[in-house]
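Please look at the sequence and the model shown here, and work through the questions that follow.

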Amino acid sequence: MAMMQARSDILVRPLVESDLGDAARILCVAFGTFLGLADPQRFLGDADMVRSRWRAQPSGVLAAEHNGKLVGSNFIANWGSFGFFGPLTTEPEYWNRGVAQRLLVPTMEIFKRWGTRHMGLYTFADSPKHLALYQKFGFWPRDLVALMAKPVGERPDTSVPDTVPFSAVSPEARPGVLAACREVTDANFRGLDVGIEVRAIAEQGLGDTILVWKDQRLAAFAACHTGAGSEAGSGVCYVKFAAVRPGPRASEDFVRLLAGVETFARTAGAQKITVQAAQTYSTPAAPRAPAQRPGAVLPPRGVYSACTISRPTNDEVFMNTSTVPASVHLEPGVRPGDRIAVSLDGAAIPANVPSDSEFTLTAVVRGTHALSATVIEEATGNVICQTPSVTFHVHQPTLLSPARQ
Ligand SMILES: CC(C)(COP(=O)(O)OP(=O)(O)OC[C@H]1O[C@@H](n2cnc3c(N)ncnc32)[C@H](O)[C@@H]1OP(=O)(O)O)[C@@H](O)C(=O)NCCC(=O)NCCS
């Protein structure tokens, strides 16, 4: 690939073998910093995806360089008609200086050259930065993907009928098995081909691919990573890709495939099976409840024996909505001459609300919010009581591209 001068000071070029150490370090520091880990370098433990992905397809990895120093990289996967990119990472001290965008321009060119029909990526659904960055390149949120995991059971190994690992297939038979895998993926999504993953696992010893046969035809397969240096790391079996041939008995084949994966995981000494590399992070701290206004008169004791937000409840999550039902509970009910004032994230909501009946917060944006209320004596403006603040979360996962609405 020709060298690409992306911006006067950032050079984008293919990643080469001597970059692998720096690329792996930047990947961990970038994710670890973004997720707020105490030691960002330990983000992946002994898992690795930089070396194995580069070895599988060096032409699908881009490097960003500044003054001769690696400052970012992007890994682009060619799964036939489908392509995805990531991990895309840049050195934290370079964030928001356009490095990722410099990497994404040639990424799109690579997809075009490969003839990719459908492109995608995984990202952080709650990060406005990530959403804004990818929207510049035409990617819009589509599905929330459940990251599932299960412990590997203690059961003694049971062999699953007609299930064999790719590692047991003779070298002469492997091209035929890869063609069968392609048939299964093509039946699910035209042109989908993950042969590169099956080959990488076999050639680099990253785990194994579990093959489920029925009537001498491949019914299902799962490409699994396990062990240090793979995308799973020690003690984990990561199912990077799995597919079942569509048909009336697909669910049976799927169950057999899962059993085959679990048997493989147990044999490989894994304690856990995952279907996506685990990432743990904490949600940002909720905004603090507004401090009581200076000079406010202390509430007289005994006017209200209860003064709380009864809806939403603390840490309640609202999915795919911008309206939130709310309610304030006062014991006894609101006195004549008092009014309830509500504030969201420290800003007053311009409406008087009734006691113990529901009202609606509208146009609530995605994120974590704090709701509180005060009871104010109209005649004096004194705060009679203040509710504890309640934290709630709003997710709006299905922002659709304007083109799809
Ligand atoms: C995500 C990541 C790759 C972005 O790299 P970067 O070099 O900082 O990205 P860029 O500077 O090219 O682009 C970021 C854009 O988002 C914008 N942005 C930043 N914060 C934003 C916010 N809160 N809301 C909206 N846009 C925001 C920036 O202004 C910039 O756009 P601009 O150039 O139009 O001003 C980098 O932050 C990173 O490595 N993060 C950790 C690993 C990670 O999350 N990788 C991606 C996984 S999908």
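Q: Which residue follows helix H6 with a positive phi?
A: Helices (H or I, at least four residues) and strands (E, at least two) are taken as DSSP runs and numbered from the N terminus. The model is a predicted one, in which local features need pLDDT of at least 70, side-chain atom pairs count only at pLDDT 80 or more, and totals for chains, interfaces and linings use all residues. Residues are numbered from 1 along each chain as its sequence is written. With a phi near 60°, the residue that follows H6 is glycine 205.

Q: Which residues of helix H6 are buried?
A: A residue is buried if 20 or more other C-beta atoms, placed from the backbone, lie within 10 Å of its own, exposed if 12 or fewer, and partly exposed in between. In H6, which spans residues 195-204, the buried residues are Glu197, Val198, Ala200, Ile201 and Ala202.

Q: Against which elements do the buried residues of H6 pack?
A: Contact is judged here by C-beta atoms, placed from the backbone, that lie within 7 Å of each other. The partners of the buried residues of H6 include both helices and strands, namely helix H2 (50-56), helix H5 (174-188), strand E9 (207-214), strand E10 (217-227) and strand E11 (233-244).

Q: Is glutamine 216 buried or exposed?
A: Glutamine 216 is found in the loop between E9 and E10, and its phi is near 65°, a positive value in a residue other than glycine. Most residues other than glycine have a negative phi, and most peptide bonds are trans. Because glutamine 216 has 6 C-beta neighbours inside 10 Å, it counts as exposed.

Q: Why does asparagine 96 count as exposed?
A: Asparagine 96 lies in the loop between E5 and H3, and its phi, near 65°, is positive although the residue is not glycine. Asparagine 96 counts as exposed because its C-beta neighbours inside 10 Å number 9.

Q: Which element gives the largest share of the shell around the ligand?
A: Of the 22 residues around the ligand, Ala30, Trp95, Ala100, Lys129 and Ala132 come nearest. Two or more residues are given to this shell by helix H1 (20-35), strand E5 (82-90), helix H3 (99-114) and helix H4 (128-135). The largest share, 5 residues, comes from H4.

Q: Where does the cis peptide bond with omega of about -10° place proline 312?
A: The cis bond joins arginine 311 and proline 312. Proline 312 lies in the loop between E13 and strand E14 (316-319).

Q: Which strands are the edge strands of the open sheet of 3 strands?
A: Two strands pair if DSSP finds at least two bridges between them, and this sheet has the order E13-E15-E18 with antiparallel pairing. The strands that pair on one side only are strand E13 (306-311) and strand E18 (359-361).

Q: Which residue in E18 stands opposite alanine 326?
A: Strand E15 (residues 324-331) and E18 run antiparallel and are joined by 3 bridges. Opposite alanine 326 stands phenylalanine 359.

Q: How many residues apart in sequence are glutamine 386 and threonine 308?
A: Glutamine 386 is found in strand E20 (residues 383-386) and is partly exposed, with 19 other C-beta atoms within 10 Å. From C-alpha to C-alpha, glutamine 386 and threonine 308 are 7.8 Å apart in space, while their separation in sequence is 78 residues.

Terms used:
Contact = placed C-beta atoms within 7 Å. Near = placed C-beta within 6 Å.
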